[in-house]
Amino acid sequence: MNRVVTVGAAQLGPIARSDTRAQVVKRLLVLMRKAKSRGCDLVVYPELALTTFFPRWFMEDQAEIDSFFETEMPGPETQILFEEAAKLGIGFHIGYAELTEDGKHFNTAIIVDKSGKIAGKYRKVHLPGHFENEPWRPFQHLEKRYFQVGDTGFSTTEVFGGKFGMCICNDRRWPETYRVLALQGAEMILLGYNTPMHYPPVPEHDHLQGFHNHLSMQAGAYQNGCWIVGVAKAGKEEGCDLLGQSTIIAPTGEIAAMCTTVDDELVVADCDLDRCREIRENIFNFALHRQPEHYSIITEPK
């Protein structure tokens, strides 16, 4: 059985605060159609792909904050994405800010199958940044203020002939993310990110942003024997430089494809899900080599 999934990493350039959902969706559709023309089964968009990265601003008006959130998915502006996916026969993954019926706010991602139906949902667990206004910063990172810690946990979705997992941005820096998904059989992990090139608390690490991005994902791929697709919102967005380097990484940790701009850009790779076995039946054979009785400190309460 052929288990090759052709994946398009659909990087986005900057989204202005004044850009409408409709304007952004037009850009997403261009990338989706381009992915289809290049034979993709799946196109992967970034974290918070429908709006600018709004946690960079301190806002006290809840109505203003909520304007960046989706109350339904698909909604009036996003329905066309689902319809086009079904028409083209292509799946997609997208991140967005979710406001639930009971008033909860999450940083969310979904995976949509080739029929345009939502197959899986994930809500971000590792929220970076801070809660209170810190005016000394050149820009804020208020994810802890605007979002609640995700309540979905890490799980896998059976779609495109394999097992797929999801995480979001800062999740990719935590090794537990990949291991928990891999232990559930994830063969490909999809994730989006919005990563500033400047980190105000530790500016001496600014030149390492690209290195740390790839280090985390390549290690996660290799140590867990799975494909990883990491997709950026990139470029100078509202005065803030965001990292690009969207990438598709093989289970060996090797980069199979990578964006070279900080604009809207699509890179494509043919991903054979059976290549996970190269790692999982050998050096990282979990059943044979793991010794979880010696790892209990990892799961002790913080």
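How many bridges join strand E6 to E7, and in which sense do the two strands run? Four bridges join them, and the strands run antiparallel. The views below are of a predicted model, where local features need pLDDT of at least 70, side-chain atom pairs count only at pLDDT 80 or more, and totals for chains, interfaces and linings use all residues. Residues are numbered from 1 along each chain as its sequence is written, and side-chain values use heavy atoms, with hydrogens and water left out.

View 1. Two strands pair if DSSP finds at least two bridges between them. Look for Thr156 opposite Gly165 in E7. Two residues lie between the strands, and Phe160 in the turn has a positive phi of about 55°.

**View 2. E7 and its parallel partner.** Strand E8 (residues 188-193) pairs with E7 in the parallel sense over five bridges, with Phe164 opposite Met188.

**View 3. One side of helix H3.** In H3 (residues 79-88), the buried residues are Leu81, Phe82, Glu84 and Ala85. They sit on the same side of H3 because they cover an arc of only 165° around the axis, taken from the directions from the helix axis to the C-beta atoms. Just after H3, Gly89 takes a positive phi of about 75°.

Terms used
Buried means under 20% relative accessible area, exposed over 50%, partly exposed in between (1.4 Å probe, protein chains only).
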